[in-house]
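I opened the model today to look up a few local details. My notes are below the display.

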Amino acid sequence: MSNFMDLDQNGKAQAYYIWIDGSGQNISTLEMRKVGGMEHIIKAIEKMGKKHDEHIAEYDPTNGADNARRLTGLHETASIHQFSYGVANRGASIRIPRQCEKDGYGYFEDRRPASNCDPYAVTARIVASICE
């Protein structure tokens with residue numbers, strides 16, 4: 001059939017890979033992009049983690065119901081029920097790129113927003129959390 005799907009002996013479609021897509025927001029401040037910025041990145045991420053439920057409610061138009069189907073902890077997604085972060089970890093709520101860890105500065109990616117999110121609402125929620 002294709003590289004991603006085939007039929008089993010009963011003619012039922014079998015997927016080899018499931019693509020679970022979200023919006024993914026890259027975040028940085030001036031301090032994060034300077035030498036020593038990793039300290040600011042970690043502080044911002046930890047502030048966001050304290051407001052995980054508020055972020056989830058804002059990250060899709062159904063107050064988290066759409067993301068509950070996507071953020072299962074499987075298929076390179078974090079669980080909607082637990083906040084996590086890590087370097088080069090595509091299964092975390094927030095991913096710090098490996099190059100940023102190596103350089104000691106850069107940005108991070110919030111992988112929780114749904115693909116149908118309101119980007120302005122997501123940005124406002126992130127700013128409210130990290131600038132408190």
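I am working on a predicted model, so local features need pLDDT of at least 70, side-chain atom pairs count only at pLDDT 80 or more, and totals for chains, interfaces and linings use all residues. Residues are numbered from 1 along each chain as its sequence is written, and side-chain values use heavy atoms, with hydrogens and water left out.

**Tyr59.** I found Tyr59 in the loop between α2 (52-58) and α3 (65-70). Helices (H or I, at least four residues) and strands (E, at least two) are DSSP runs, numbered from the N terminus. Tyr59 has 0% relative accessibility, so I list it as buried. Buried means under 20% relative accessible area, exposed over 50%, partly exposed in between (1.4 Å probe, protein chains only). Beyond four places in sequence, the contacts of Tyr59 include Met48, Asp110 and Ile126. Contact means heavy atoms within 4.5 Å.

**Helix α1.** Which residues of α1 are buried? I noted Met38, Ile41, Ala44, Ile45 and Met48. They cover an arc of only 125° around the axis, so they sit on the same side of α1. The arc is that of the directions from the helix axis to the C-beta atoms. Their cover includes α2, β4 (85-87) and α5 (119-130).

**Aromatic rings.** I searched the whole structure and got 1 aromatic pair. The ring centres of Phe83 and Tyr85 are 6.4 Å apart with planes at 50°, so the pair is tilted. Rings of Phe, Tyr and Trp (its six-membered ring) pair if their centres lie within 6.5 Å; planes under 30 degrees apart count as stacked, over 60 as edge-to-face and the rest as tilted. Tyr85 is partly exposed, at 34% relative accessibility.
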